[in-house]
Amino acid sequence: MKFAWIDIRTVSAEQREAVVDAAIHARVDAIVDSDPERLATLPNTVKRVLAPGVKAEGADDLIVLREIADLDGLGTLEARHRGGEQDTAALVDVVDDPTLKLACEAARELPYTVVRFKDPTKIPLEIVIAAADSSPGQLICEAADLEEAQIIVDVLEKGSEGVLIAPKTANDVFAVVEMLRTKTPDLNLSKLTVQSIEHLGLGDRVCIDTCTHFEKDEGMLVGSYSHGFVLCVSETHPLPYMPTRPFRINAGALHSYVLGADNRTNYLSELKAGSAVLAVGADGRTRRIVVGRIKLESRPLLGIKAVSEEGVEVNLIVQDDWHVRVLGPGAAVLNTTELKKGDQLLGYVATDKRHVGWPVGEFCVEK
């Protein structure tokens, strides 16, 4: 999980107590303030960071954030760290190439480096993240708001370890913590045994073109029923007569469910450019990805009926063509038109029924 440093210097007096309580309750990593006496009242469950420009005498129990603008300033902090200071922390304002190099060096050498960027481009952050990649220290990037914080943690698919943000209310604190916590959980995939395949005739099928390059053992979980899904593989694997499209899932008929984050489903017909979906690996790992385009076209359809080891029936309707593929155990790539009774697929069995995609505890029969 990424972590948050909450800066309370600009929080209004009316909101400050609620913001601090929220930060402690949400277990943020640190609270930043310019008042050492106020920081001293905070519990030891949160790091207490003294903002730059404040006299640091008697602040032995605080992390003192010191602003540096050149290599001499960095050398002073490095000497403090070598002298035994465990929590040496630097703030670097990145405004040009020399200060960018300074930020990279600080991130490599110090326990904590906070970076603040003058320009909106995230390329300098990419450079600092890359420079600090093998460093044991922690890189914290200042964000103006929640939207920028989300961009920061996604940079280079890794982001900085921490985000420094000044909230206005307690709700902002909870929102940033929830945003940083968001991680798609692994799934326990099931072995499904094919019962039959059937040529169904013409219908509408959906291809999902994403903004992501799939791995060879990745796909999406798609099914006709909300309780059972088959792992449809991407077009990462070579095909005769056409180039690979490693961003595409030939997913299924437009009525089908696709499993997304937060245990929610969407109909394939609902997806559009910008929708969030879930990529799933043959080992059950997942990640959030973004739809770039949906292609809905009329094609001959093929129905696949399968059953889990627990006896749960699963159904998938896909385009009736040899090049449409699903994954089997061991990430085996299987052409759907060549499936036969007894073949094994990978899938996911859910116990939830659904209402507008959300799991609900109600009676519902799908067949």
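In this predicted model, helices α6 and α7 cross with a right-handed sense. Residues 146-154 form α6 and residues 170-181 form α7; the two pack at an angle of about 20°, and their axes are 10 Å apart. Because angles under 35 degrees count as roughly parallel, α6 is roughly parallel to α7.

**Contact of α6 with α7**
- On the α6 side, the contact is made by L146, A149, Q150 and V153.
- On the α7 side, D172, A175, V176, M179 and L180 take part.
- Sorted by class, the residues of this contact are seven nonpolar, one polar and one charged.

**Nonpolar cores**
- The largest nonpolar core has 51 residues, and those touching the most other members are I6, V28, I31, I68, V128, V163 and V176.
- With residues up to four places away in sequence left out, I6 touches V19, A23, V28, A30, I31, V32, I165, P167 and V176.
- Another core, of 28 residues, lies apart from the largest one; L192, V230, V326 and L339 are among its residues.

**Loop residue D119**
- D119 is located in the loop between β6 (112-117) and α5 (123-131).
- The relative accessibility of D119 is 42%, so D119 counts as partly exposed, a class that runs between the 20% and 50% cut-offs.
- D119 and V95 are 24 residues apart along the chain, and their C-alpha atoms are separated by 7.4 Å.

How values were computed
Residues are numbered from 1 along each chain as its sequence is written. This is a predicted model: local features need pLDDT of at least 70, side-chain atom pairs count only at pLDDT 80 or more; totals for chains, interfaces and linings use all residues. Side-chain values use heavy atoms; hydrogens and water are left out. Axes are lines fitted to C-alpha atoms, for helices over the stretch in contact, and angles run from 0 to 180 degrees between N-to-C directions. Helices (H or I, at least four residues) and strands (E, at least two) are DSSP runs, numbered from the N terminus. Angles under 35 degrees count as roughly parallel, over 145 as roughly antiparallel, 65 to 115 as roughly perpendicular and the rest as oblique. A crossing is left-handed if the near helix is turned anticlockwise from the far one by less than a right angle, and right-handed if clockwise. Contact means heavy atoms within 4.5 Å. Ala, Val, Leu, Ile, Met, Phe, Trp, Tyr, Cys and Pro count as nonpolar, Asp, Glu, Lys and Arg as charged, and the others, Gly among them, as polar. A nonpolar core is a set of buried Ala, Val, Leu, Ile, Met, Phe, Trp, Tyr and Cys residues joined through side-chain atoms within 4.5 Å. Buried means under 20% relative accessible area, exposed over 50%, partly exposed in between (1.4 Å probe, protein chains only).
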